[in-house]
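Subject: Structure for you, plus notes

Hi,

Here is the structure I promised to send over. Have a look at it first, then read my notes below.

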Amino acid sequence: MSEVDEKDLKILEILQEEGNITFVELGKRLSISPSTAYIRVRRLRQMGLIKKIIAIVDYQKLGYRVRAFVFVKVDPKRLETVARELSNIDNVLQIQDITGEPSLFLQVVARDNEHLAQILDQIGRIEGVLSTNTMIALRTLKESYRLRLA
C-alpha cells in the first residue's frame, strides 16, 4: 500500500469539511492539476482512508427532535445477531461495541418521546437483548466529523 504524504493529509482535511468540492477547486488549493486531485482522491478511497463522502443531514429540521443514547446489555452468545438486527432499525444511527457492563452503545433519533418509546420497544423485543438504559440528549454542544490531520 502506498504512503500517505502531506498533500494526501491536506486532501483528507479539506474533504472532511467540504465533501462536495470540485476537483478543479481541490487542485487549486493544493497547487496540483484537477486530474492529479482526482487520482489522489481515488487512491485514498481505494486505500480505505475515505470510506464515503456524504451529506450530513440536520435531523431536527426534518422533525427528529429527540436524540438518545442507548446502552444495550446483550447475551454475549447473541452479540453479532443482535447487532445485525439493530442495524436494520432505521432510527439507529450508530452502534458501538464497547467495554464494560453494557455490550453496545447506540445513537438513536426519534420524532418525539412516544416515537423513541416505540423504538426502545422494538430494541427490547430482539432476542438476546437483556436490558437497555437510555439517556436523552438535551442539546448538542459540539458535533464534529473532522479530525485535524495536517
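A quick definition to start: patches here are built from residues with over 30% relative accessible area and no salt bridge, joining like charges within 9 Å and nonpolar side chains (Val, Leu, Ile, Met, Phe, Trp, Tyr) within 5 Å. The areas come from the Shrake-Rupley method with a 1.4 Å probe, and for residues only the protein chains shown count as cover. A salt bridge is a side-chain nitrogen of Lys or Arg within 4 Å of a carboxyl oxygen of Asp or Glu.

Some housekeeping. Keep in mind that this is a predicted model, so local features need pLDDT of at least 70 and side-chain atom pairs count only at pLDDT 80 or more, while totals for chains, interfaces and linings use all residues. Residues are numbered from 1 along each chain as its sequence is written, and side-chain values use heavy atoms, leaving out hydrogens and water.

Val 57, Tyr 59, Leu 62 and Leu 93 make a nonpolar patch of about 330 Å². Tyr 59 sits in the loop between α3 (34-46) and β1 (66-74); helices (H or I, at least four residues) and strands (E, at least two) are DSSP runs, numbered from the N terminus. With 32% relative accessibility, Tyr 59 is classed as partly exposed, the class between buried (under 20% relative accessible area) and exposed (over 50%), using a 1.4 Å probe and protein chains only.

Next, the salt bridges. Side chains of opposite charge can pair when their charged atoms come close. By the rule above, the count is nine salt bridges. Asp 5 and Arg 40 form one of them, at 2.9 Å from N to O. That pair links distant parts of the chain, with Asp 5 in the segment before α1 (6-17) and Arg 40 in helix α3, 35 residues apart. Asp 5 is partly exposed at 32% relative accessibility, whereas Arg 40 is buried at 18%. Leaving aside residues up to four places away in sequence, Arg 40 touches Asp 5, Lys 7, Asp 8, Ile 11 and Ile 32, contact meaning heavy atoms within 4.5 Å.

Asp 8 and Arg 43 also form a salt bridge, their closest N and O atoms 2.6 Å apart. Asp 8 belongs to helix α1 and Arg 43 to helix α3, so this pair ties together parts 35 residues apart in sequence. Asp 8 is buried, at 0% relative accessibility. Asp 5, Asp 8, Arg 40 and Arg 43 are linked in a network of salt bridges.

Then there is helix α5 (residues 113-124). The buried residues of α5 are His 115, Leu 116, Ile 119 and Ile 123. They cover an arc of only 100° around the axis, so they are on the same side of α5; the arc is that of the directions from the helix axis to the C-beta atoms. The face turned away from that buried side carries the exposed residues Asn 113 and Glu 114. Cover for the buried residues of α5 includes β1, α4 (79-87), β3 (104-110) and β4 (129-136).

Finally, Arg 67 is in strand β1. Its C-alpha atom is 4.5 Å from that of Val 109, 42 residues apart along the chain.

Cheers
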